[in-house]
Amino acid sequence: MLSVDVTGLVSQFARSFVLIFPVYVLGYLGLSFSWVLIALCGLFWIRRHRGGKTSRLGRALAFLEDEEEAVRLSVSSADLPAWVHFPDTERAEWLNKTVKQMWPFICQFIEKLFRETIEPAVRGANNHLSTFSFTKIDIGHQPLRINGVKVYTENVDKRQIILDLQISFAGNCEIDLEIKRYFCRAGVKSIQIHGTMRVILEPLIGDMPLIGALSLFFLRKPLLEINWTGLTNLLDVPGLNGLSDTIILDIISNYLVLPNRITVPLVSEVQIAQLRFPIPKGVVRIHFIEAQDLEGKDTYLKGIVKGKSDPYGIIRVGNQIFQSKVIKENLNPKWNEVYEALVYEHPGQELEIELFDEDPDKDDFLGSLMIDLIEVEKERLLDEWFTLDEVSKGKLHLKLEWLTLMPTAENLDK
């Protein structure tokens, strides 16, 4: 017996009938064959128009998903002009306009923060400061500016949003303070701060306002300049006479740098302690071994005779700072020192190293190095010679280990 596909046969017959029947009708009515040609042209035009529309829609969707990849697929690299590039940091002028509109209310919040949080904290820090108070707080009319925004979408928790804001603020502030007990008055005339501030929106929740809390901090020490008034009188107060302008700026800067963070809860159910004091991501062990071919900065006989250097290193991870010993008269020093630093945020945190030549007056710069801790975490162990930046010569030998925290103490011996 023969096997016949009845369904397929009927389908093919129907398609043939649909194509032939209009021709039969035209002949039966005595119409010209040109009507068949006109119908075919119309059909082809509709199909082509629909295909172009589908193609444009597909390109638009691809552009929304990944702008850089969509442009590179549609335009060859040779056709792109040299000035076209795709930075991972984006401009956000709309955000600057929003901040400008909100600035008077932001100033009100800052004034409230100074009076209700900072003022009581200063009074309780030292008995000599028990009469400390702010007499005037005016942040100024010039708003903070955001020069760029970078959003992280990889290697982050699904319940959080991480943004890095490149901020710049130069304001003519008027902040006056006094300590009545010692008849001391001082103040601030202007403040400049430049740096990269990280903003973490977490946890994301299913109810309004969709974000449980907001955390703010700097990944590394920002550039901070303060124009003081009456600082000499302030530093004459007992308990403060050991401070200086530089030390005060360092204290303020480090207060803003990770692991210190400002956490603002947006809902009452959020566990604020876990957000303000999170568990570190890991520990980086830094073997500060040796350097080679450093620049000779010491001179004798008013610069006629070129000498060597007395190198030492400063290592920073956030606000954790380590300083090595000084090796006298050596351009190839060997330190063989080990430091350990907690890592709270990645991506973002970096290992910063600066080398200096110790001098009686001002230490000379011998080079710097910056290493992304993401690379250290991936490799788990790095043992390399790194070329120093910002100088003509010099190399630094480092051994970097990434250590993961354990939930229990059973494996600590290993």
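**The sheet**

Select strand 17 and strand 18 (residues 395-403), which pair in the antiparallel sense over seven bridges; strands are DSSP runs of E of at least two residues, numbered from the N terminus, and two strands pair if DSSP finds at least two bridges between them. This is a predicted model, in which local features need pLDDT of at least 70, side-chain atom pairs count only at pLDDT 80 or more, and totals for chains, interfaces and linings use all residues. Residues are numbered from 1 along each chain as its sequence is written, and side-chain values use heavy atoms, without hydrogens and water.

Next, display T387, whose bridge partner in strand 18 is K395.

**Helix 4**

Now select residues 93-125, which form helix 4; helices are DSSP runs of H or I of at least four residues. At W103, shortly before the proline P104, there is a kink of about 60°, the angle between axes fitted to the seven residues ending there and the seven starting there.

Colour the buried residues (under 20% relative accessible area, 1.4 Å probe, protein chains only): among them are L95, W103, F114 and E119. Their cover includes strand 1 (132-138) and strand 3 (161-171).

**The whole chain**

Finally, show everything: the protein chain has eight helices and 18 strands, and 35% of its 414 residues are buried.

Technical notes. Buried < 20%, exposed > 50% of the residue type's maximum accessible area, 1.4 Å probe, protein only. Expected span 1.5 Å × (residues − 1). Contact = heavy atoms within 4.5 Å.
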